Amino acid sequence: MSIKSRLNSLKSTNNKAIFWMILGGFDFATMGALIHALGNECDWLILAFLRMFMSFLLALFLTRRAGLKPFLIDRPLLWLRSLVGCAAMIATFYALTELPISDVAVITESRPIWVAIMAGFILGETTGKKVWLSIILGMTGVVLVEHAHMTDQNIAGLAAFLAAIAGAFVMVLLRKLRDIDPRTIVAHFSGTASLVCLLLIFILGRKFDFTFLGNPANVLMLAGVGLFGTIGQLAMTKAFSIGEAPGVAAAGFIRVGFSAGYDVLIWQHAFQPATLLGVALILGSTGGLIKPARNGDAAQPAREQPDKKPQEIGAG
């Protein structure tokens, strides 16, 4: 393939979606590192609430600025996406405060397998051999990255696995909601999740202890959780609104590489040869998902054009 054809391939809709997913993977890995660092300073459920509330405020600003409505009452699938996403978020937050972030990434990034299966039943999207090969290589890579921890059995590991299943369902639902502006979807989700977290805090009798905010470093890390979490959510939502669900989901393996990097750089986890091989497989599996552009593929396919503009739907 010539350099020109390689550059043209980056214009395809599905490849744009993969790059959005890579951006989201970096943002979520960074958010996970910050959550893990704050885990000893604050209750994990309080952290989850603060993260979602900050994301809601930012998403609310973006939606209002664009003339969109942050909540669409008459869209049942949007409510389902928000509630299932909330369950996945809460389970992930608990796991991130109990396990190394790369362990959590390994377990949660089993989502492409479930997405590939669900997409066939719910969306009617077929998964080609190339995508399955990328999934197999990626899953092999994540096992190699964290092979020493895969035998650990605890509630946090189970929570991460349930988060993977719920997250896969959310990813498939995003394809069904591609007629809604991503900013509206994120605002709806973060607002709903904030209320759910607040209810759980009162039901479980957790106390709001903000003394940890007396440390300026904690304030900066908490702000980073909200910022990177929101950007990651927008990037992932955008990716699934324009790309094929199985391939885009498999691109999420890149998050494991970023998370392993943070574990090494910040918490001095040693890299073994098998780990290095695993990271290489993860990167290779993500790169293998990029397809050559077909004629007219640079533009969004006609079948994905909604009857109404996202702005009109969000504002109505």
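This is a predicted model: local features need pLDDT of at least 70, side-chain atom pairs count only at pLDDT 80 or more; totals for chains, interfaces and linings use all residues.
Leaving aside neighbours within four places in sequence, Gly-191 is in contact (heavy atoms within 4.5 Å) with Phe-56 and Phe-71. Residues are numbered from 1 along each chain as its sequence is written, and side-chain values use heavy atoms, with hydrogens and water left out.

**The chain as a whole**

- The chain has 14 helices and zero strands. Helices (H or I, at least four residues) and strands (E, at least two) are DSSP runs, numbered from the N terminus.
- Of the 316 residues, 50% count as buried. Buried means under 20% relative accessible area, exposed means over 50%, and partly exposed lies in between (1.4 Å probe, protein chains only).
- Take the contacts between residues at least 6 apart in sequence: 91% of them join residues at least 24 apart.
- The accessible surface comes to about 14500 Å². Carbon and sulfur atoms hold 67% of that surface. The areas come from the Shrake-Rupley method with a 1.4 Å probe, and for residues only the protein chains shown count as cover.

**Helix α2**

- Helix α2 covers residues 13-38, which makes 26 residues.
- From its first C-alpha to its last, α2 reaches 37 Å, close to the 38 Å expected at 1.5 Å a residue. The expected span is 1.5 Å times one less than the number of residues.
- Is α2 largely enclosed, or largely open? In α2, 19 of the 26 residues are buried, so the helix is largely enclosed by the rest of the structure.

**Nonpolar cores**

- A nonpolar core is a set of buried Ala, Val, Leu, Ile, Met, Phe, Trp, Tyr and Cys residues joined through side-chain atoms within 4.5 Å.
- The largest core has 62 residues. Met-21, Met-89 and Phe-240 touch the most other members.
- Which helix gives the most to this core? Helix α2 does, with 10 residues.
- Beyond its neighbours within four places in sequence, Met-21 is in contact with Met-171, Met-236, Ala-239, Phe-240, Val-248, Ala-251 and Gly-252.
- A second, separate core has five residues, including Ala-116, Ile-135, Ala-250 and Phe-253.
- In soluble globular proteins, nonpolar side chains tend to be buried together.

**Aromatic rings**

- The chain has six aromatic pairs. Rings of Phe, Tyr and Trp (its six-membered ring) pair if their centres lie within 6.5 Å; planes under 30 degrees apart count as stacked, over 60 as edge-to-face and the rest as tilted.
- Phe-26 and Phe-228 form an edge-to-face pair, 6.4 Å centre to centre with 80° between the planes. Phe-26 lies in α2 and Phe-228 in α10 (residues 216-242), so the pair ties together parts that are 202 residues apart in sequence.
- Phe-26 also pairs with Phe-258: the ring centres are 5.5 Å apart and the planes are at 80°, so this pair is edge-to-face. It links α2 with α12 (residues 254-267), and the two residues are 232 apart.
- Phe-26, Phe-228 and Phe-258 form one aromatic cluster.
- Buried or partly exposed: which describes Phe-26? Phe-26 is partly exposed, at 31%. Phe-228 is partly exposed at 23%, and Phe-258 is partly exposed at 28%.
- Arg-81 lies over the face of Phe-189, at 4.4 Å from the ring centre. A charge sits over a ring if NZ of Lys or CZ of Arg is within 6 Å of the ring centre and within 35 degrees of the ring normal.

- Gly-191 is in helix α9 (residues 182-203). Gly-191 counts as buried, at 6% relative accessibility. Gly-191 and Pro-70 are 121 residues apart in sequence but 8.5 Å apart in space, C-alpha to C-alpha.
- Ala-163 is in helix α8 (residues 155-176) and is buried, at 4%. Leaving aside neighbours within four places in sequence, Ala-163 is in contact with Ala-88, Ala-91, Thr-92 and Thr-108. Ala-163 and Thr-108 are 55 residues apart in sequence and 6.4 Å apart in space, C-alpha to C-alpha.
- Leu-173 also lies in helix α8 and is buried, at 3%. Leaving aside neighbours within four places in sequence, Leu-173 is in contact with Leu-77, Leu-80 and Arg-81.
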